[in-house]
Amino acid sequence: MDLHILLLGGLAVVVAAMVQGTLGLGLSLVAAPVVALLDPTLMPGAMLVLGMVMPSMTLAHEWRHVAWRQAGWLTGARVATTPLGVLVLAWVPARAIGAVVGVVVLGAVALTAWRLKLRPSRRGLIVAGAVAGVSGTAASIGGPPAAVVLQHEQGPRLRATLAAFFFVGSIVSLSALAVGGQLTHHQLLYGASLIPGLAIGFALAVPLQRRLHGPRLRQAVLLLAALSSIVVIIRSIA
């Protein structure tokens, strides 16, 4: 493994972990484009490894705040549609998947920021989880749909519930890719080599968690979801 790929990827992961440790999501937005640029063959397996480890750090820190009912509906729907994500990845280019999901999430962000009062109802949680099951497995874009649905939750509850969702979802996606023969040792080793970067970024995030709460946290989450969607759309059509 080239040293410059490891160092540049590690730096991106430190920043990404700091963002996700503060807001509850952001790992894929910050790190995935860098990893994909350095070596496209690392995707999506390497990011899914990180997407499994990062939430475990959040859960160890804030597990008491998990909204288990919300996490359950999100995760159940994601598990149900993950096999579809593997099939889609085999037949449809990841760019096309990313573009569609990016447009849908961006539209949801625009509606909620404008007038729509989106709450984590059972139906909304199931839809968000189902979308994440396909997009998270096929294009490493599982966070924004869930974050938009949970945007009105308090900081610890938002981060912990998303972490529970990400943790189980990443394990399921990794398992599905392995069964489908689309997970390589190269992806697993690179993902594992970046775990120290996750730990550094999370340690830097903990003091920042107390600074963002209430409306400011909601605005930051929506902005991050919108930026994530825009990045994915641009990357898909470029």
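The legends below describe close-up views of a predicted model.

**View 1. Helix α1 and the residue that follows it.** Helix α1 covers residues 3-23, 21 residues in total. At 1.5 Å a residue the helix should span 30 Å, and the C-alpha atoms at its ends are 30 Å apart, which agrees. Buried positions in α1 include Ile5, Gly9, Gly10, Ala12, Val13 and Val14. Ala16, Ala17, Gln20, Gly21, Thr22 and Leu23 of α1 are also buried. Just after α1, Gly24 has a positive phi of about 105°.

**View 2. A nonpolar surface patch that includes Leu84.** Leu84 is placed in helix α4, residues 68-91. Its relative accessibility is 44%, so Leu84 counts as partly exposed.

**View 3. The salt bridge between Arg159 and Glu62.** Two salt bridges are found in the whole structure. In the one shown here, the closest N and O atoms of Arg159 and Glu62 are 2.8 Å apart. The pair links distant parts of the chain, with Arg159 in helix α8 (residues 155-179) and Glu62 in helix α3 (residues 45-62), 97 residues apart. Arg159 counts as buried because its relative accessibility is 3%. Glu62, at 6% relative accessibility, counts as buried too.

**View 4. The salt bridge between Arg157 and Glu153.** The closest N and O atoms of Arg157 and Glu153 lie 2.9 Å apart. Arg157 has a relative accessible area of 34% and is therefore partly exposed. Glu153 is buried, with a relative accessible area of 18%, the cut-off for buried being under 20%.

**View 5. The aromatic pair of Phe165 and Phe166.** The structure holds one aromatic pair. The ring centres of Phe165 and Phe166 are 5.6 Å apart and the ring planes stand at 45°, so the pair is tilted. Phe165 has a relative accessibility of 0% and counts as buried. Phe166 is buried as well, with a relative accessible area of 10%.

**View 6. The surroundings of Gly142.** Gly142 lies in the loop between α6 (122-139) and α7 (143-149). At 9% relative accessibility, this glycine counts as buried. Leaving aside residues up to four places away in sequence, Gly142 touches Ala132, Ser135, Gly136, Phe165 and Phe166. The C-alpha atoms of Gly142 and Phe165 are separated by 9.5 Å, and the two residues are 23 residues apart along the chain.

Notes: Residues are numbered from 1 along each chain as its sequence is written. This is a predicted model: local features need pLDDT of at least 70, side-chain atom pairs count only at pLDDT 80 or more; totals for chains, interfaces and linings use all residues. Side-chain values use heavy atoms; hydrogens and water are left out. Patches are made of residues with over 30% relative accessible area and no salt bridge: like charges are joined within 9 Å, nonpolar side chains (Val, Leu, Ile, Met, Phe, Trp, Tyr) within 5 Å. Accessible areas come from the Shrake-Rupley method with a 1.4 Å probe; for residues, only the protein chains shown count as cover. A salt bridge is a side-chain nitrogen of Lys or Arg within 4 Å of a carboxyl oxygen of Asp or Glu. Helices (H or I, at least four residues) and strands (E, at least two) are DSSP runs, numbered from the N terminus. Buried means under 20% relative accessible area, exposed over 50%, partly exposed in between (1.4 Å probe, protein chains only). Contact means heavy atoms within 4.5 Å. The expected span of a helix is 1.5 Å times one less than its number of residues. Rings of Phe, Tyr and Trp (its six-membered ring) pair if their centres lie within 6.5 Å; planes under 30 degrees apart count as stacked, over 60 as edge-to-face and the rest as tilted.
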